[in-house]
Structures are given as C-alpha cells and as structure tokens.
Amino acid sequence: MEYSFRDIEKKWQERWKASNAYKVENNCSKPKYYVLDMFPYPSGAGLHVGHPLGYIASDIYSRYKRLKGFNVLHPMGYDAFGLPAEQYAIDHGIHPAVSTATNISNFRSQLDKIGFSYDWDREVNTSKPGYYKWTQWIFLQLFNSFYSRKAGKAERIQVLINAFEKEGNAEYAMPNTQYYIQQFNAKQWKGFDEKRQQDILMQYRLAYCGIGEVNWCEALGTVLANDEVVNGVSERGGYPVVKKKLRQWYLRITEYADRLLEGLERIEFSEAMKEMQTNWIGKSSGAEIDYSIRIGELETTEIRRDIKSDDPSIKIVEVAISETVAENDEPLRVYTTRPDTIFGVDFMVIAPEHELVEEITTEKQKQAVDEYIAYVKSRSERERMAEKKISGVFTGSYALNPFNGKAIPIWISEYVLAGYGTGAIMAVPCGDERDHKFAQHFNIPITNIIGKYYDGNEANPTKDAILENSDFLNGMVMRDAIEVVNKKIEELGIGIRKINYKMRDAAFSRQRYWGEPFPIKWINGIAYPLDESELPLELPEVDSYKPGLEGEGPLANIKTWTSQNLETNTMPGYAGSSWYFLRYMDPHNDKAFCDRKVSDYWGQVDLYIGGTEHAVGHLLYSRMWTKALYDLGYIGHDEPYKKLVNQGMIQGSSRFVYRISFMDFPHLGVMEKVIVNEDAEIFISSGYAEKYLNNELTKQELIDLLNTVSANYFNYSGEIDNLPISLIKLHVDVNIVDGVELNVQEFRKWRNGEYVNAKFILEDGKYICGVEIEKMSKSKFNTVNPDDLVARYGADTFRMYEMFLGPVEMSKPWDTKGIEGVHRFLKKLWRLFYKESGSSQVSPGGGDLEGAVWTEEKATDVELKVLHNTIKKIESDTERFSFNTGVSGFMIAVNELSDLKCHKREILEPLLILLAPYAPHIAEELYAQLRQAPSFGGGLGEASILDATYPTFEAKYVAESSKEYPISINGKLRTTMDISLDAAQPDVEKMVLENDIVKKWLEGKPPKKIIFVKGKMVNVVI
RNA sequence: CCGGAUGUGGUGAAAUUGGUAGACACGUCAGACUUAGGAUCUGAUGCCGUAAGGUAUGGGGGUUCGAGUCCCUCCAUCCGGACCA
C-alpha cells in the first residue's frame, strides 16, 4: 500500500471534525495550557507560505502539550475591523461586512487544509455585534474610571467625585497638566456647573476625549494614518497633508507607564522585545529647573580664562546685565536629565511653539523671530527629520543661572520639541552633541566643565568626568553631582525632580466607518455614556463610506445617527485585539465579556506566538487593558502573556528573466538605425546576463548569441559600440520556475500570453533565472500559496517542511525545492509499515492491510536505543521550540530504523506518538492501522492518537560503555580512539601515547601535557 | 544618527555547558534498478592538494591546552525608532 496522503488527510480531517476531537472544555481536572496565535486580519490576498509558520509552530506545541496531559486551549479568530475592508468598500461599493465574510471563509478553508487543532466553536470575530458589545462595554469601564496615583491602580470615577466633593482635588493631581484649572477645593467643585465638572473629570478618565492633531488631507477629504503620509503628502495620489486639530478619543496609557515597565520583569519576552517596549515608553528621570528671565539687551564681555584646552573656540563669556532690562514674571522652566551640568549651560533653547516666545522676544529680534517661526511652520515634520539643518534664532532675552546669576541667551530652534518635557532645554555644548553643533554653528562660546574629557571638537556625554568651572560642584564626579544639584534646587525651591516619558497617550478614535461605534452621546458638549443595557450599539447601514465634513467620520452623514447625538468617530483597529484572548475563554457568554471563574481557570496565555511588528502597538495596548481590567476586579492577572515567541518572516525568493531591449536612453539618437525584424522578445539566461552586466561578455558576443536563436533578428548600421542594447530584469512568477530553471512553456502562457512569442537564449538547454531574496509580495511574483503545496505534497509534509526551514524566530527565504526531502522522509516512514506494492486503497475500517510489514517481535537493544534517543531529542527540541532540529531528529530515527530493517510495533507505535504533533494525519492513520489489525495482534481499540500517552525516555536504553574519543595534538584533531568511559587519566594517557599517529607527531619526544576531559576529548600538548 | 538582530559549504541550516565544525536536508556528481524517470535505492560531496597534509565559521586582534561559542575592534546585511534634552 502506498502513502496516499490525499485520502488519509481528507479522511482524518473529516473524522476529527465529526468527533469534535478539538473541543475544549472549561471544566477539566487536567492542568490548563493556553497557546495563542496573534490575531490575524483576514485580508483579501489570502495566505502565503509565510503566514502559517507561527500557526504550525503553535499547533505542534499545543498537540504536544495535549499528549503530555494538559487541557490545551488553542483558539483562532479574526480581527475583522480595519481599513482595507473600508477602502475596498469605498472603491467597489461592497459592504465591509460582506467582503470581510468572504475573506474569512477563504482564510478558513486555507487553514483547514493544513490540519490545525483549533477549537472552532470558540472562533471570535471583532466585527460581530456579539463581540463588539463587550469591546464597547470595556470602553465604558475605562471611561468610568481613572488612574489613582495614590492607590497605584485604576479606580471608579465615583471615587474621584466623592473626593472632589469632600476636599477638591488636593489628593488627586490632574494628569493633564495643560488644563486651565489645575487645582480646586470642595467648595469650588460644588460651584462648578455640570459642563465644567464633566470637563474636569474628562481630564482624569482612562478613556477620554481631547483635542489632538491628525493628518488631514483636504483633497481626499479624509484623515490619514501616519503610515499613509509619505514626505508630507498622501501615499495615494500625493496630495498635501496638513496637521489639523480635531476632537479625538485617547487612552491614558501614560498613567500605566511604570507598571508596563515593571511588568516586563515578570514575563518571558525576548530581551530585544523588552528593550523595544522600554525604549518606546522612554522613561527618563531628571529635574525641572526654573530660570528667571531678563528681557532686553545686555552688555557682554568676553574673557579668556585659563582653560586646559588650547582650542581658541572655547570661550567663557561673562555678561553684565544693564539696568534697563525688565524681569519677566514667569520663569523659564527647562527639563534636564543632567542637572550636574548646570554650570556648563551656555544658552537656552525653547521650541518655536513655546508660549513664552512672544513675551520674551525683544523689539530688535522680533522680525528675525517671526521669520523663523514662519519658516518652521512651512516645514513638514518629515522635512524636519529628513534634512537636519541647524537653524535657530536668538530671542534677545536672557535666563539667569539660579546659582551664580550668569546670564544665558535664550534661543528658539526647531530641534527642541514642544511636546516633550517643558519644551525648553538648557544647552550644554561640551556634553551634548546637538547643543555642541548648535553652538558651533552660531558661534556661541562654549564653557568646558569636564576638563580633558572635552577636546573642543566633539561633545562628550560622559557622566564620569570630574567637574570644573562649576562653582560648588568643582571636583565632584558628574554621576554624584546629579543628586547634589537635585537636592539643592529643591531646597532653594527653584526646581523639582521630574520623571518624563516619551510615550504619549494612545489615540483611540478613527474618522472611519468600519470600526466599533463609541457608546457615547454628546449633549451640550458633555459626553454621556450609554447604559450597559443599550449595548451593543450597532453600526448603522450607510449609503456611502465617504467621510463627513471637516474630518468627521462617515457616521456624521447619517441623520438617524446624528439625531441621537451619538459619537461619530469609531474605535481603532487595536480596540478589539486588546482583549480577544479573554473572549476565547468564554466566547458565547452574553452576560459578561468573560466569566470570572473561567478566566481564573485559564489565566494567562502561556505561550503567545507572533511577529515582532506588534512589539509596541498591540502588545502594549493589550497589556494596558489587562492591567485596567485587573485593577477593576474583572480578571485575576495583570499580564496577558506569560511567554512570547517571535516568529521570523519568511522572505520571498524572487526569480528574474532578462529581456533584450533596444531602449537605451542615452542612445536614443541611434535608435533609428536599429531595425528589429521580428515581433519576438528575446530573453537571455542568467549566466549570460550576469556576464554581460559584468562586462565579461562583449556586445559583439551578445549579438552572436542573439543570432543563434533568430538569424537577422535585427539590422543595425552603426558602430557596434553605440548599439543601444541593454538587458531589462523582470520579475517572473516563481511558480513557473523549477528551482532556477524557467519552464518556458508555462512562461509563454503566463500573463495571458504576453510573452507568447518569447525566444530564449539557453545555457545547457535550460533557461536559468536570476535569484534575489526580497519580501514576499504579490507584486514581486514570489508568493507561494500553501494550498498548492498541500495539494501536491499533503499537509503533513507542508507542516514539517515549514518547520524544517530553520528556527522559528529567524527570518529565512522560502525555497519550494527543499520540500521534496521532507516528503521523501514521510514516504520512508510509511515503508517501515507497508511494502510499496499492492492496493493503494484506504479503507476506513482499517481492514485492508495489504502489504503491512510490522511485527510483534521483541525489539533489540539497538532498536530501543534509537527509539529512546529519539524520545529524548524530540521532547527537548519541542520544549525549546527548536522544531527544525526536531524534524531532523525524526529523519535520523527513520533512517536508522530503515537501516536496521526494524518493523516492530514496540518501536513504531511510540515513534508515531512522538510524530503526531508534527504530522498528525499520517501518525493517526498508521496508529489506527497498527492497533486495529487483528491479524497482527492488534485490536487494541479505537482510541485516537491525539490523546495517547507521550512515551517516556529511559536512560538505561541509551547508556554507552565506551566512546570514540577525539585525540588532538595541540588542539588539532589527528585521530580518534575507542576508549572505555570509566577509563581514568593514567590509563588514557598510556593508551594515547601508544597510538601510532600520536607517536608520529611526538617524534620520540615526551609530551608537555596531556589534557583529558572525561566523556569529551583528549588533547596532547607537545 | 540611535537601538536591536544576524553573518558558518553552491543553498536552508546543525553544533543545548569553551571540547571531533558542517548533523539533517536541498542541489550537484557517479552508480544500481527500470520501457521510461522529475520514482526508488547506493555512494561521494567545505575549499586547495594525486597524496601526506594544509586551510576554513564576515575581517583583524586577544584570552585558553583547546574558540563558531568568551573579550576587544572593525566591516556588511536586515529590521525597528527617529531630533526625547
């Protein structure tokens, strides 16, 4: 009987479905294990071979854990809201729900062919009202709570209201420091009208509404995401994009910054991933320092001091303030992480948008400042980042160093960002690269406070230097001086310690249709949440998916919607995916997003597999939601994912053909002299193409080659060197290329016969394609569809080959050619059970065992050794997600058992159980045959291999008494010797010195030393 | 610029703790069987060399009896972040 994978896989997929083999119960006495794949967006393009990589890895691990006696939750569903469906709707007028459903059904059928062990009863879809009801519900919880810094967790907004009524907000500092009321007492609070009270509460809510900037594209009439804006214009169409202030919803994730950092220490993410999240959060500690300001012109004198550097550009300026100068009421507040450098401050820089700019600009500098601000406004963010021009202008005013009164000029420059810190910095050129460049550019004298650490040419951001020119800090190490200055500024009341974060609150609204509606009504400018009983607030039908006026979403066009005063924004893509791992646990619950008892049973996701692209988006948001739900008492754990494994990308291996072209632009003038006599395009094989491109093939030789396929293909009357001939490199569909050899028949049919008349210049009778590794994408014709491979080799082969390619975490190129090796392995495995000849019929009952060769004979020591080595290898490889070496472990086992002609059930049955997670169909089929064949002593019952017991490794079967030791001379391997494992050093030395090869190298001299590492090696030093 | 990752045969890769570099495959070559082979099986295969041997894990240096693995330094490729004071 042959290995007939098509019948076997179809049969078992149907049977597993019929028997609910993958159904998972929430009530189970077994220990739980939760394996999760990152939520896919069901795109219209379908799956290519890169997508299922992580799914296969997680499926293997899930099946393995099940065999190990765990109750394994391994669900799948769809993150179904999102822009592509909406864009498709705009372009084709098809409702996103319709196109999404089509995509999902394609996606599902592709997944089904690969034989995953998902419990499809638990499938979720974020765009279904039954799901987004709970997304809206969680949003309401976030809306109705705030982050209590006192308690270090989220609490109900009512707690805050009670406090305000009793004592104002003295105990609860306002998180939004920009709001115009910062402090109030109980009496004031009670005096506020409802609008103002609600405005104030909005400054505290975890989900809140504020004013934010969006990318507004007038021409397209829509708001664009950051990645849809390229170089200041829209990606589609290239229309100008401006920043526009719009009402936006936000999540106050910044309040969780510290806990998000702290949580990283308790979860198993890769160091790289933790690093990325840490950088994104961007915590820095420093101080805010107030400088009083003097507006007006000063008399300055430059004094050379005794500075160690010889560089004349290092100057110390002393500034005398004239009597006529006015003091500004408001001080200049700067944020610095290096208060120790306060005596090295040579100038201040404030952001062009800084509120003090107007007040402190002097008459004399006004024109320059205005011009500069106009210039900055004209530049897009992209321009600012792309061309880093040093630019800035002096305001005319000075800040005074609070310790010694030194006057420091205040500049404005775009290199200081309004949004970070206080939007103002104290510039220390000797210690900061950008400050240094700025000082050099504008010829601002530089004070050296770090002596020899500063060479006059480049800033040195060290913390180890000993301070000089620094008043009371002189002689101190910078690292220690930080604390000294911090203390001092607090004593003097001129500043405070301050912790800053790069992370901003997360924008949580989109001006789009295809997303969750906000359960919010706006009445008289106040946001009122809907009652829970009104959920889900369902998306209305629309006639057009075009946006509303002034950057509002499509919902703004719907009378029935706006007449109810409902919010017209919708939630962003990450809303539904921030909590989906909880819904899988209890997907049909209509009383709660997830029953507390159920979430307590399943707890954290034990293993999460997905790509790095979600490092700072989804992974941070879902961590925050989990923490909020935990704080509010809805779940019992505050980190969603215990362990994260990042899968690498599968790259495409593109193939190219080289077309002869007479369209060489610099030679257009001579084109008339070329007459092409034939309506055919000539393609030349890559070997010749490479040579020609590397100038190893002359034009004449190329022409000779052309003439071999088509005599008088063209006439040319001019100089051969001027012949405008070149090669055009074209992507060709990898599916019509076998390895690197182009299937020329298929090529002629490709693209509706575009190349039907193509002629080829071959090498050894073959057309060889060029190869390049690129991202897998349709436009590069390098995508490979898993369906085709499953049809040709079967799901088991496909699964194992995806794993065999290399480590899951690593990116690697796809090469279809290698799949043969894995397929051969499965066929070889099959031959341990069946002779090739005979019927190829599969009979469901297992009655047809024609050609079966397995026996009930007792296994030999050698066979048991192979088995137990394999058990050990597969178990440990699977545990550490080293699936590629696991597959090779199976190959080694089957190779060895084939060599031993071992057909014994005692060996083969455990082997099948080991294999079942990797290749479930063939394992189940052979297992069923093996156990049910009466004539072979079977009849062991119909139990599925899915719930078999994982074999146990026993060391006694693999014990060795001797080892082939490598014998090195001076560290270089010269020979090997079989030596007993209990041999001691003296015996070994004796044996080794008697060895002929060792003798030869010793040349009669005694060795200096012999190193013997028991069980490892021997090294003779001469 | 900054941060992260990765560099090993013609290709994908292995080497888990510093101890026989290249397991397992693909490809290639030779052979067997066959009407046939894009089936199957056997053997060879890092490079130079007939061989002995030499040489080899991106380059250079170091530690060690011994380095793909540890340290220093430089280079290349890929992926993120972009002026964060």
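This is a predicted model: local features need pLDDT of at least 70, side-chain atom pairs count only at pLDDT 80 or more; totals for chains, interfaces and linings use all residues.
Figure 1. Strand S1 (residues 32-37) and strand S23 (residues 607-610) run parallel and are joined by three bridges. They belong to an open sheet of four strands, ordered S2-S1-S23-S24 and paired in the parallel sense. At the edges stand strand S2 (71-73) and strand S24 (644-646); each has a single partner strand, so one side of each lacks a neighbour in the sheet. From one strand to the next, the twist averages 20 degrees. Helix H2 (residues 52-67) packs on this sheet and touches S1, S2 and S23. The direction of H2 makes about 170 degrees with that of S1.

**Figure 2. The hairpin of S35 and S36.** Strand S35 (residues 962-969) and strand S36 (residues 972-980) run antiparallel, joined by eight bridges. Two residues lie between the strands of this hairpin. Ile 969 stands opposite Lys 972 in S36. In the turn, Asn 970 has a positive phi of about 50 degrees. Most residues other than glycine have a negative phi.

Figure 3. Whereas S35 runs antiparallel to S36, the pairing of S35 with strand S38 (residues 1017-1021) is parallel, over three bridges. Ser 968 has Asn 1019 of S38 as its bridge partner. The side chain of Asn 1019 also has an N or O atom 2.6 Å from a base oxygen of RNA strand B.

**Figure 4. The protein surface around RNA strand B.** There are 52 residues around RNA strand B, and those that come nearest are Thr 337, Leu 805, Arg 824, Arg 831 and Asn 895. Of the atoms of RNA strand B that come within 4 Å of the protein, 62% belong to sugar and phosphate.

**Figure 5. Polar contacts with bases and phosphate of RNA strand B.** A polar backbone atom of Tyr 420 is 3.3 Å from a base nitrogen of RNA strand B. Asn 1019 uses its side chain instead: one of its N or O atoms is 2.6 Å from a base oxygen. At the phosphate, an oxygen of RNA strand B is 3.4 Å from an N or O atom in the side chain of Lys 827.

**Figure 6. The packing of helices H10 and H20.** Helix H10 (residues 271-281) packs against helix H20 (residues 618-631) at an angle of about 75 degrees, and the two axes are 11 Å apart. The two helices are therefore roughly perpendicular to each other. From H10, Met 273, Gln 277, Trp 280 and Ile 281 meet Leu 619, Leu 620 and Arg 623 in H20. This contact has five nonpolar residues, one polar and one charged.

Figure 7. Leu 535 is joined to Pro 536 by a cis peptide bond, with omega near -5 degrees. Most peptide bonds are trans. Pro 536 lies in the loop that runs between strand S22 (526-529) and helix H16 (559-562). Asp 471 is a residue other than glycine with a positive phi, near 55 degrees. The loop that holds Asp 471 lies between helix H14 (433-441) and helix H15 (478-492).

Definitions and conventions
Residues are numbered from 1 along each chain as its sequence is written. Chains are lettered from A and ligands numbered from 1 in the order in which they are written. Side-chain values use heavy atoms; hydrogens and water are left out. A residue is near a molecule or strand if one of its heavy atoms lies within 4 Å of it. A polar contact is a pair of N or O atoms within 3.5 Å; within protein, one must be able to donate a hydrogen and the other to accept it, and residues adjacent in sequence count only if both atoms are side-chain atoms. Axes are lines fitted to C-alpha atoms, for helices over the stretch in contact, and angles run from 0 to 180 degrees between N-to-C directions. Angles under 35 degrees count as roughly parallel, over 145 as roughly antiparallel, 65 to 115 as roughly perpendicular and the rest as oblique. Contact means heavy atoms within 4.5 Å. Ala, Val, Leu, Ile, Met, Phe, Trp, Tyr, Cys and Pro count as nonpolar, Asp, Glu, Lys and Arg as charged, and the others, Gly among them, as polar. Two strands pair if DSSP finds at least two bridges between them.
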